[in-house]
Amino acid sequence: MTPKPSPPYAYVPPDAHAPHSPYPYAPYPQHAPEPPPPLPLPYHRLALITGHHHWWRPLAGTALVLAGAMAAVLLVMLGAEIAGALLDWPVDGDGFRVWGGVAETGLALLSLAALTPVVFLAARWAQRRPAGTLSSVTGRLRRRWLGRCLALGLPLVAGSFGIMTLLPDPGGTDEVAWAGPQDFLLGLAMVCALVPFQAAAEEYAFRGWLTQAVGAWFRSPWVAIAPQALLFAAAHGWGTPWGFADLVVFGVVAGVLTVRTGGLEAAIGLHVLNNLLSMGVSAAIAGALASEETAADMPWTAVGVDLVMLCGYTVLILRVAGRRGIEAMGVGAPRTRT
């Protein structure tokens with residue numbers, strides 16, 4: 001019997017069965033080299049961290065943030081109307097449910113707090129980068145550092161606020177009435193529950209998104225800090241020239257601290273303390289939480305005290321950050337330690 005001839009490709013060389021070589025003479029699979037890790041960047045330039053930046057992405061993301069903010073307000077209003085209808089709350093002349101001063105203030109705070117997920121989505125969808133790069137150069141919110149900023153700022157903010165309450169009001173004094181234990185406790189609970197999220201959301205929107213959106217185009221941190229400070233003041237209304245100027249300084253201080261410490265923690269701590277103390281005291285005064293006055297209406301006598309506090313907080317935070325080795329540059333990747 002004549003043996004069947006072998007096909008020409010039947011010969012198997014000795015190394016044909018080497019790992020990762022399924023076919024004779026097949027070369028080992030060639031993997032594309034991994035891109036080099038990005039160089040450390042300051043906070044205001046973190047939008048460039050993934051290499052997907054194009055000039056239009058900050059504009060698209062800002063449009064998404066604005067649309068998301070409007071949608072958040074509408075959703076909160078819709079939820080309030082549905083809940084009011086179920087609870088059979090009365091309606092006003094325009095047909096909207098009347099929730100009362102404390103509840104309406106809570107709804108406004110809730111609408112602002114909804115900005116945080118909107119900004120996160122803008123970073124992910126419009127700029128194709130980790131949402132954590134909005135928090136800090138480590139890719140996450142450094143909770144220990146945030147707690148330390150709160151502890152450092154509490155005596156300064158409380159002391160300045162106490163001095164402000166003792167100053168005469170140039171616009172005249174109004175009758176101040178005790179809100180009553182029930183309204184006070186209800187208002188205080190609402191403030192403690194919502195103000196931290198509202199203040200943090202404003203920081204993510206202004207010191208976070210806007211600073212990094214402008215920083216994607218310009219290297220200078222001052223160019224990135226200035227627009228958000230002006231827009232932050234304008235968002236609170238025009239009020240008095242002194243109040244507007246104080247808000248601009250607040251925005252500049254928060255922006256400088258954000259860039260110099262590489263994250264939003266110091267700015268969030270300052271904002272949370274300021275709003276908690278001011279609104280917490282307002283909860284004890286009848287009708288104060290329902291007032292339409294904002295920080296933009298601050299009298300000139302209080303502005304000087306507030307500016308001293310802001311300067312003191314800035315110096316203290318920067319000194320402690322230097323001693324603690326808080327990272328101001330990073331690659332936007334999570335770290336194992338704070």
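Predicted model: local features only at pLDDT ≥ 70, side-chain atom pairs only at ≥ 80, totals over all residues.
Residues are numbered from 1 along each chain as its sequence is written, and side-chain values use heavy atoms, with hydrogens and water left out.

I placed W238 in the loop between α6 (221-235) and α7 (241-261); helices are DSSP runs of H or I with at least four residues, numbered from the N terminus. Leaving aside neighbours within four places in sequence, I found W238 in contact with F244 and A296 (contact means heavy atoms within 4.5 Å). The C-alpha atoms of W238 and D297 are 7.8 Å apart, although 59 residues separate the two along the chain.

Next I turned to helix α1 (residues 57-87) and helix α3 (residues 115-125), which pack at about 155 degrees with their axes 9 Å apart. Axes are lines fitted to C-alpha atoms over the stretch in contact, and angles run from 0 to 180 degrees between N-to-C directions. The angle makes α1 roughly antiparallel to α3 (under 35 degrees is roughly parallel, over 145 roughly antiparallel, 65 to 115 roughly perpendicular and the rest oblique). Among the residues that meet are L64 and V65 in α1 and V118 and W125 in α3. I recorded nine nonpolar, two polar and one charged residue in this contact; Ala, Val, Leu, Ile, Met, Phe, Trp, Tyr, Cys and Pro count as nonpolar, Asp, Glu, Lys and Arg as charged, and the others, Gly among them, as polar.

Finally I examined the aromatic rings, where the count comes to five pairs. Rings of Phe, Tyr and Trp (its six-membered ring) pair if their centres lie within 6.5 Å; planes under 30 degrees apart are stacked, over 60 edge-to-face and the rest tilted. F120 and Y204 are edge-to-face, because their planes stand at 85 degrees, with the ring centres 5.2 Å apart. F120 lies in helix α3 and Y204 in helix α5 (residues 181-215), so the pair ties together parts 84 residues apart in sequence. I noted Y204 as buried, at 6% relative accessible area, and F120 as partly exposed, at 25%. Ring pairs also link F206, F232 and F250 into a cluster.

Definitions and conventions:
Helix = DSSP H or I, 4+ residues; strand = E, 2+ residues; numbered from the N terminus. Buried < 20%, exposed > 50% of the residue type's maximum accessible area, 1.4 Å probe, protein only.
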